[in-house]
Amino acid sequence: MLLGPPGAGKGTQAERLIAQYKIAQLSTGVMLRAAAMAGTVLGRKVKAIIARGDLVPDDVVIGLIAEAIDLSTVKTGFVLDGFPRTVSQAIALDNLLNNRGLAIDAVIELKMDEAALLNRIETRAAKNRSDGQSVREDDDPSILIQRIKNYKVQTAPLSDYYGKVGLLIPIDGMQPIDVVESNIKKALQKLHCSTT
Ligand code: ADP
């Protein structure tokens, strides 16, 4: 599982992990943006919530994750990226996994300073603009502040939740991408050695 504030690089690191370990990436952000694009009634509601930087209701994301976990393509394992984001999502995940005889191997927390976060997202938006790529509506600075606030209140308590059960691995998310990647892989390697 990848945990960390918006802009911490969860998506980037998730892509590298799935390439190396040949596992699936389960990203609720990607799933929700796809739902929003589809323009269904639910999709339109989701789109409005994302655009204002708030969290989509727990039951919606829990439903999406449950469906994704049951797809045969994820049988070899998966990286959770952007889920869970609340303690109730974490409890629902525990139940989902227990019922299927699955368990979380590790929770990688990408640690970032708030100033670095703002900086990074602004750079991402500016780069996309100059490349003529679309800029995520929710990367607007005022919305980003809301996302960070929601992160602190709703998601940050998950560090404790996973720390208490010994799953948490903090990683400095402010290092260059390749360094973060290699630090994550080293930590996972150690974990593997100590459990086998
Ligand atoms: P980031 O990690 O940069 O915030 P994501 O792509 O993970 O971006 O999420 C984008 C938005 O999608 C969030 O701000 C939120 O509105 C919604 N979202 C994603 N995952 C969840 C979740 N697990 N629970 C509730 N809302 C979510």
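**Note on the ligand site and pockets**

1. The shell around the ligand holds seven nonpolar, five polar and seven charged residues. Here Ala, Val, Leu, Ile, Met, Phe, Trp, Tyr, Cys and Pro count as nonpolar, Asp, Glu, Lys and Arg as charged, and the others, Gly among them, as polar. This is a predicted model, in which local features need pLDDT of at least 70, side-chain atom pairs count only at pLDDT 80 or more, and totals for chains, interfaces and linings use all residues. Residues are numbered from 1 along each chain as its sequence is written, and side-chain values use heavy atoms, with hydrogens and water left out.

2. Of the 19 residues around the ligand, the nearest are T28, R33, D54, R85 and R147. A residue is near if one of its heavy atoms lies within 4 Å of the molecule. Helix α2 (residues 28-38) gives the most to this shell, with four residues. Helices (H or I, at least four residues) and strands (E, at least two) are DSSP runs, numbered from the N terminus.

3. The protein covers 95% of the 550 Å² of accessible area that the ligand has on its own (Shrake-Rupley method, 1.4 Å probe).

4. The ligand takes up the space of the largest pocket. A molecule sits in a pocket if more than half of its atoms lie within 2 Å of the pocket's grid points. A pocket is an open set of points on a 1 Å grid over the protein atoms alone, where a 1.4 Å probe fits, with protein on both sides within 12 Å along at least five of seven lines; lining residues have an atom within 4 Å of a point.

5. The largest pocket has a volume of about 1100 Å³, taken as the space filled by probe spheres set on the points, which are joined across faces, edges and corners. Its lining has 48 residues, with G7, K10, R124, R136 and R147 nearest the centre. Elements giving two or more residues to this lining include α1 (10-21), α2 and α7 (141-155). By class, the lining has 17 nonpolar, 19 polar and 12 charged residues.

6. The second largest pocket has a volume of about 820 Å³. Of its 27 lining residues, I23, G77, F78, D105 and A106 are closest to the centre. Helix α9 gives the most to this lining, with five residues. The classes are 18 nonpolar, five polar and four charged.

7. Two backbone spots deserve a look. Most residues other than glycine have a negative phi, and most peptide bonds are trans. The F83 to P84 peptide bond is cis, with omega near -5°. P84 lies in the loop between β3 and α5 (87-99). K22 is not a glycine, yet has a positive phi of about 55°. K22 sits in the loop between α1 and β2.
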